[in-house]
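Please walk through the model below, starting with the fold as a whole and ending at the annotated positions.

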Amino acid sequence: MPPPLWHFMRLQYLLLTSSFHTWMAVSATFVFDCVPPPKRTMARPIMSFALAALMLGCSLSSAAADGFSYREALTKSLLFFEAQRSGKLPADQRVKWRGDSALKDGYDQGVDLVGGYYDAGDHVKFGLPMAYAVTMLSWSVIEFEKEIVDAGQLEFALDAIRWGTDYFVKAHRQPDLLWVQVGDGDSDHICWERAEDMTTPRTAYKVDCEHPGSEVAAETAAAMAAASIVFRPYDSKYSDLLLLHARQLFSFADTYRGRYDDSVHSVRKYYPSSTGYSDELLWAAAWLFEATDDKFYLNYVAQNAVVLGGTGWAVTEYSWDNKYAGLQVLLTKVLVRGGGETCNATLNQYKAKAEFFLCACLQKNNGDNVEMTPGGLLYFHDWQNLQYVSSAAFLMAVYSNYLRMANANLVCPDGQISPEMLLKFAESQADYILGKNPKSMSYLVGYGSNYPTHVHHRGASVPSIFELPSAVGCIDGFDYWYVNKDSNPNVIEGALVGGPDLKDEFYDDRCKYEQTEPSIAGNAPLVGLFAALDGLEGDKGHSPKYSAPDSSPGSKHKSAGPNPKPNEAAVEFVHTITNTWKYQGEDYYRHQVAVKNTCGERITYLKLKIENLTGPLWGLSQTQEKKMYELPPWLQVLEPGAGFVFVYIQGGPQAAVSVVAYR
């Protein structure tokens, strides 16, 4: 646990250098959990197997061939969050070696802060990475809800999110005050004991008007805004509550600007803010726009794009600290679905920076690329590298969806990448994690037959309180369990450890915490990544389920232009129900409409009429005429045989789509 203190970002403008350079950290000796800034030395570029396969257009991996089950990996990734729970555990708790803990958190300060998540292998509740983890869990459900439902994991995903948001509601008792940490790293790391036995101080820390903390307040706003989208179909009152907190927290973060590690000094050694609060302010505003469709928030990210670095910083990392790449990808979604036309020029600048990050991961930036190991793993940091890999691969999976919606490719300085190739590269990173690596080691604990058994985690390394009821003391834990060469008595299933070094070397040693410690920030992006890949595997060999206006499977609805050739249609519409749910006794459906040019000629203008539409729609531009829609701004020409998709949500029968005019 703690993350590295160094984060390298480079300010990139449109002029890119052509020199190839990469960075490598010099190894250092650490004492317990202290991390000095490393020195950097030049390293030679490496052509990995994964990159070579990508450049040749080869399939990087096959779940069937390698025996990987992304569904099992998804299930275990969510299970890890139950192992990290703090507070009174529910009756349906699945991680049975855990017990109730920290039941008086906040009481010394007169506030109830029971609940939330322990950060990593320790027992501190750090607000910034916890909020980031909840944002990423929510984003996973938003983008891949159907896949998570199909895997039977929606209930557990919602539980994981709500365990965090319930805690945030407790921590936000006043509009301009937020409790952001319980416990401190220094005192916590002196002891090696189970959460159920904790004897270390549980001091609580807050930010307020006089002691601002814009990073953590804004990230918590983002988490609650994203979660409000997730819960809207299932619990509208709770969704509204989260949105109220999100609005207040964003206003607090923006009005009283200041670095949170200037107000909470104890966090500086563990989760310092190297990028400042600018990225979190933009990030929170972007999520509030997603949750509310309030143009105030869209205008905020547009008007502050330059001053807060949203369109200036081109980054080679996405993490709990550095939100720029995630922000840039999220705002690209606005371009794809429409609804932000007044800000399109600025949104395109965000999109350019999003693609810089993705191209850097793909080694296609003609210079400033992310380093890779010989075995094909992206390498960002010596400390817990896999948490940065999981977040990068998640963004690739999300962006590949956006590219499909836009019927576009990722354009890099060193070549174009199709949506399929982008997802394949994300898959290569997932497969490396699951065991397709030089060590044949699964870095997801409990997955496969060869995984780390000496995980740097206090609860996992000491026998359960139900097996060893007597308390394990602060120093006793170090003497008997920390240095114990035996495998951990408790398997912390689904934990993503820090992972191998730059040479693909890994040491399954509890003392090597930079390689063997898991964290909630590292695990959260895996949920969306594995869901996306499981959905991809599930689609193979299966016909899509189409829905006609009467919602019966198997039929297609086609509409022609005003003057089509005899017996021919200008475009074809294929309606697909991609998700269903019940709310207050009524069934709701998420409809995806694939539009394909079947007229044999280029279409430069398309006007559609959509009747019986009762819910929100994304992916078309609405005109001033009632029920009339046109091509989205990112799609100027629809080539013969080409297509795009738009999405809408409503209850009852599907909407009726027809062509009014085209040319």
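**From the overall fold to the annotated site**

At 2% relative accessibility, His456 falls under the 20% limit and is therefore buried. This residue sits in the loop that links α15 (419-434) to α16 (458-461). The model in which it is seen is a predicted one.

The wider setting comes next. The protein contains 19 helices and 20 strands. It has 663 residues, and 61% of them count as buried. Taking the contacts between residues at least 6 apart in sequence, 73% join residues at least 24 apart. The accessible surface of the protein is about 24,800 Å², and carbon and sulfur atoms account for 53% of that area.

Now the interior. In soluble globular proteins, nonpolar side chains tend to be buried together. Here the largest nonpolar core is made up of 166 residues, and Trp139, Trp287, Leu378 and Leu410 have the most contacts inside it. Helix α14 (residues 385-406) supplies the largest share of this core, 15 residues. Apart from this core lies another one, of 23 residues, including Ala570, Tyr629, Leu631 and Ala642.

Neighbours within four places in sequence left aside, Leu410 is in contact with Glu355, Leu358, Cys359 and Leu362, among others. Its contacts also include Tyr399 and Leu403, as well as Gly415, Gln416, Ile417 and Leu422.

Back to the annotated positions. Which residues carry the feature "active site" in UniProt? The record, an unreviewed entry, places that feature at His456, Asp508 and Glu517. These residues span 62 residues in sequence, yet no two of their C-alpha atoms are more than 10.3 Å apart, so they gather at one spot.

Asp508 belongs to another loop, the one between α17 (474-482) and α18 (513-516).

Technical notes: Residues are numbered from 1 along each chain as its sequence is written. This is a predicted model: local features need pLDDT of at least 70, side-chain atom pairs count only at pLDDT 80 or more; totals for chains, interfaces and linings use all residues. Side-chain values use heavy atoms; hydrogens and water are left out. UniProt positions are given in the numbering used here, feature names are shortened, and annotations may be inferred rather than shown by experiment. Helices (H or I, at least four residues) and strands (E, at least two) are DSSP runs, numbered from the N terminus. Buried means under 20% relative accessible area, exposed over 50%, partly exposed in between (1.4 Å probe, protein chains only). A nonpolar core is a set of buried Ala, Val, Leu, Ile, Met, Phe, Trp, Tyr and Cys residues joined through side-chain atoms within 4.5 Å. Contact means heavy atoms within 4.5 Å. Accessible areas come from the Shrake-Rupley method with a 1.4 Å probe; for residues, only the protein chains shown count as cover.
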